[in-house]
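Dear colleague,

I am passing a structure on to you, and below it you will find an account of what was found when it was examined. Please read the account with the structure open beside it.

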2 protein chains.
Amino acid sequence: MLTDYQLLRIPGPTPIPPSVERAMTKPMIGHRGNETSQIIQNIKPKLKKVFGTEQDVMMLTGSGTSCLEAAIVNVVHPGDKVLVVATGVFGNRFTKICEAYQIDVEEFHVEWGTALDPEAVKAHVQANPEIKAVFSTYCETSTGVLNPVGRLAQAVHEVSEALVIIDGVSCMAGVETKMDEWGLDIVVTGAQKALMLPAGLGFVAASERAWKVIESNPKRGFYLDLTKYRDNLAKDSTPFTPALSLLFGLEQVLENLETEGLENVYARHRLMRDMTRAAFKALDVPLFTKDEDGSPTVTSLKPIDFDAEAFRKEIKGSFNLTVAGGQADLKGKIFRVGHMGYCAPTDVLQYLAAMEIALVKVGKKIQLGAGVAAAQQVYLEQTQQRELEGAK
Amino acid sequence: MLTDYQLLRIPGPTPIPPSVERAMTKPMIGHRGNETSQIIQNIKPKLKKVFGTEQDVMMLTGSGTSCLEAAIVNVVHPGDKVLVVATGVFGNRFTKICEAYQIDVEEFHVEWGTALDPEAVKAHVQANPEIKAVFSTYCETSTGVLNPVGRLAQAVHEVSEALVIIDGVSCMAGVETKMDEWGLDIVVTGAQKALMLPAGLGFVAASERAWKVIESNPKRGFYLDLTKYRDNLAKDSTPFTPALSLLFGLEQVLENLETEGLENVYARHRLMRDMTRAAFKALDVPLFTKDEDGSPTVTSLKPIDFDAEAFRKEIKGSFNLTVAGGQADLKGKIFRVGHMGYCAPTDVLQYLAAMEIALVKVGKKIQLGAGVAAAQQVYLEQTQQRELEGAK
């Protein structure tokens with residue numbers, strides 16, 4: 001096989017654009033100097049657009065989990081009751097963090113592969129007024145579901161003072177987020193998904209209501225104390241040493257997103273989702289989620305007439321094409337294709353064409369080219385539609 | 001469109017593998033020191049395998065044309081008669097260089113898009129015993145023809161003392177070259193094609209017979225005097241300043257080729273050619289060359305029911321996919337797809353899938369997915385065949 005060649009199509013980390021690779025190799029500078037402040041100043045307004053908020057977006061040197069923990073320790077206390085809407089593995093992550101802080105967690109279970117129902121959560125919250133916060137994932141990476149977090153927040157706020165805290169790690173910057181308009185109280189994301197960076201940077205934004213809760217909380221820890229990040233960010237700085245090369249990269253990523261136009265970025269992700277889903281339907285490989293629940297960033301497939309792991313091994317061995325397997329209860333049962341960040345519709349066509357070959361090799365009866373053709377058809381329809389709408 | 005994304009599928013320059021990009025960013029070192037000698041020592045045996053020769057392969061800092069000129073000025077003199085077998089634009093390049101040196105050039109014309117016939121050249125050389133050298137291109141980049149240069153050399157040597165001088169720029173390292181076995185006298189190539197490097201390095205090897213001619217030539221110029229390169233190479237050095245970062249890259253490229261295995265590299269290129277040709281046949285887009293003449297590194301298409309330039313504009317505009325147009329008399333009439341170097345079968349499937357969409361957009365009636373399916377079928381057949389043969 002061609003040496004030094006790979007096709008990385010897992011739901012994060014994702015490939016890094018060359019311009020971002022280059023930016024990250026810039027020489028080190030002092031992180032307390034003017035140059036770093038300039039970068040932070042440049043980053044701030046652009047990150048706000050990704051979050052859909054007027055609030056400053058704080059940057060933590062850490063993985064997404066550090067930000068989830070920050071979202072928890074800053075607003076709830078030992079003994080507080082919270083509700084975790086668990087739609088998969090990453091919903092459970094919230095529970096584990098809460099348990100480490102002796103927080104009284106209740107899990108609201110949603111069948112894996114299905115999006116949460118805002119009205120059902122609303123009814124539960126209404127019946128349990130002691131709930132201080134409701135946690136949910138925007139995109140549930142382990143299943144490929146995009147949860148309607150905007151409608152969730154609206155529903156919860158109608159009946160409760162609980163904060164709505166959202167893990168947006170595996171979709172933000174690939175899917176539109178309107179934090180302020182939707183009433184999300186804390187939103188968290190990481191670097192290594194649709195933001196096209198290596199892991200190591202986490203992002204958190206908090207609503208005015210969340211800030212009131214945070215400020216009235218006397219025990220916010222130290223490294224994850226969000227007021228430190230907020231106060232330093234106001235001075236274009238960070239409370240602790242920033243991952244400087246990741247900031248260089250982030251500055252470039254945000255410039256690239258602006259060049260493409262966020263609307264176009266989101267449309268590209270929807271297109272890639274729809275191409276992928278149409279292809280697997282044409283190939284008779286069952287999708288794990290309903291169309292209306294499918295995330296624009298990751299698609300899960302649940303084969304019935306071939307082995308998911310044998311298929312993953314085949315595409316890895318023949319093409320060095322990597323997709324993710326299932327996690328926890330879904331281990332060995334599904335495979336998950338990431339299509340986010342530095343991924344174009346032509347990359348979708350590429351992995352589909354390679355996967356068709358692998359399907360034949362693992363013994364599935366398909367018509368070669370049928371999945372690609374279905375995806376091409378979707379491409380033609382959606383781009384024509386967008387041209388009619390006058391998109392750039 | 002996704003920012004900072006491109007698909008470069010022209011017949012050179014070609015994409016650079018990431019490991020080679022990284023190698024080229026190594027810090028500068030003194031080019032007269034031990035470290036550079038070590039690199040040259042490491043490169044030498046591996047380059048010989050690419051050329052299929054026991055002779056040392058000289059490295060010039062210059063483009064392929066500098067090596068073509070070196071091949072000429074070192075062996076022929078003003079007034080000498082030479083034959084240029086012209087199968088396209090790059091055959092003509094030899095003529096222009098010869099004319100600059102007042103060499104008596106005769107062109108042996110072969111219809112563009114067709115490979116040379118060794119027997120016809122042999123008859124001509126036999127009838128013109130004053131011919132001192134016969135020039136030909138191995139892969140004629142402008143048409144996508146792979147000339148049978150081995151059979152040409154054998155045929156010429158049967159009837160003449162003329163040296164056989166081959167331009168291998170657009171195929172070597174993607175197509176097997178057996179310089180010694182075939183009796184090629186001078187072979188030239190460049191960095192920016194199947195060798196996966198940026199342009200700026202040229203390579204020349206000469207047979208023992210050619211060396212006798214070179215040594216007896218009193219006027220070899222200065223920068224292009226091959227004896228200088230040979231004598232320095234024997235001491236693991238270069239006569240003039242080498243393009244050091246390209247040497248760093250070359251060392252990595254040769255290591256990558258060795259990792260894949262040259263036999264596998266050549267099989268991959270034949271596979272990519274056959275996939276491409278099968279696809280365009282299925283799509284009813286006429287190939288410009290016969291199957292037996294088609295190069296494993298570049299394929300030319302001559303559309304009859306759509307405009308080649310409109311098609312190129314479409315794939316560029318929609319996908320940032322670049323293929324080459326026609327040159328000279330073929331301008332606007334053909335388009336040329338490069339599939340060499342850092343290009344995998346999955347990249348072939350990718351450009352074919354994108355091109356099918358573009359064919360629809362320029363108004364050609366095709367069945368979406370049909371070209372991809374034909375290429376997938378070829379992939380399955382050839383890889384199965386190679387597995388049966390026990391290839392690694």
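**Domains of chain A**

In this predicted model, chain A is divided into two parts, namely domain 1, which takes in residues 7-13 + 261-388, and domain 2, which takes in residues 18-258. The C-alpha centres of domain 1 of chain A and domain 2 of chain A lie 27 Å apart, and the contact between them takes 28 residues from domain 1 of chain A and 28 residues from domain 2 of chain A.

Between them, domain 1 of chain A and domain 2 of chain A bury about 2200 Å², with 62% of that area on carbon and sulfur atoms. Of the area that domain 1 of chain A buries against domain 2 of chain A, 24% is supplied by Leu262(A), Tyr266(A) and Asp293(A), which is more than any other three residues supply.

On the side of domain 1 of chain A that touches domain 2 of chain A, the elements that give two or more residues are α11 (262-282) and β11 (298-301) of chain A, and the largest share, five residues, comes from α11(A). By class, that side of domain 1 of chain A has 13 nonpolar, ten polar and five charged residues.

**Where the two chains meet**

The contact between the chains takes 41 residues from chain A and 41 residues from chain B, and the area buried between chain A and chain B is about 3300 Å², of which carbon and sulfur atoms give 63%. Leu2(A), Asp4(A) and Thr346(A) together supply 19% of the area that chain A buries against chain B, more than any other three residues.

Two salt bridges are counted between chain A and chain B, and in one of the salt bridges Glu387(A) is paired with Lys361(B), the closest N and O atoms being 3.8 Å apart. There are also 22 residue pairs in polar contact between chain A and chain B, both residues being at pLDDT 80 or more.

The elements that give two or more residues to the side of chain A that touches chain B are α1 (18-24), α10 (244-260), α12 (308-319), α13 (345-361) and α14 (370-388) of chain A, and the largest share of that side, ten residues, comes from α13(A). Sorted by class, the residues of the side of chain A that touches chain B are 21 nonpolar, 13 polar and seven charged.

**How the copies are related**

**A salt bridge within chain A**

Over all chains, the structure holds 46 salt bridges, and one of them joins the side chains of Asp236(A) and Lys44(A), at 2.9 Å from N to O. This pair links distant parts of the chain, 192 residues apart, with Asp236(A) in the loop between α9 (226-234) and α10 of chain A and Lys44(A) in helix α2 (residues 34-51) of chain A.

With kind regards

Technical notes
Residues are numbered from 1 along each chain as its sequence is written. Chains are lettered from A and ligands numbered from 1 in the order in which they are written. This is a predicted model: local features need pLDDT of at least 70, side-chain atom pairs count only at pLDDT 80 or more; totals for chains, interfaces and linings use all residues. Side-chain values use heavy atoms; hydrogens and water are left out. Contact means heavy atoms within 4.5 Å. Buried area is the accessible area (1.4 Å probe) that two parts lose on being put together, summed over both. A salt bridge is a side-chain nitrogen of Lys or Arg within 4 Å of a carboxyl oxygen of Asp or Glu. A polar contact is a pair of N or O atoms within 3.5 Å; within protein, one must be able to donate a hydrogen and the other to accept it, and residues adjacent in sequence count only if both atoms are side-chain atoms. Helices (H or I, at least four residues) and strands (E, at least two) are DSSP runs, numbered from the N terminus. Ala, Val, Leu, Ile, Met, Phe, Trp, Tyr, Cys and Pro count as nonpolar, Asp, Glu, Lys and Arg as charged, and the others, Gly among them, as polar. Domain bounds come from an automatic or database domain assignment.
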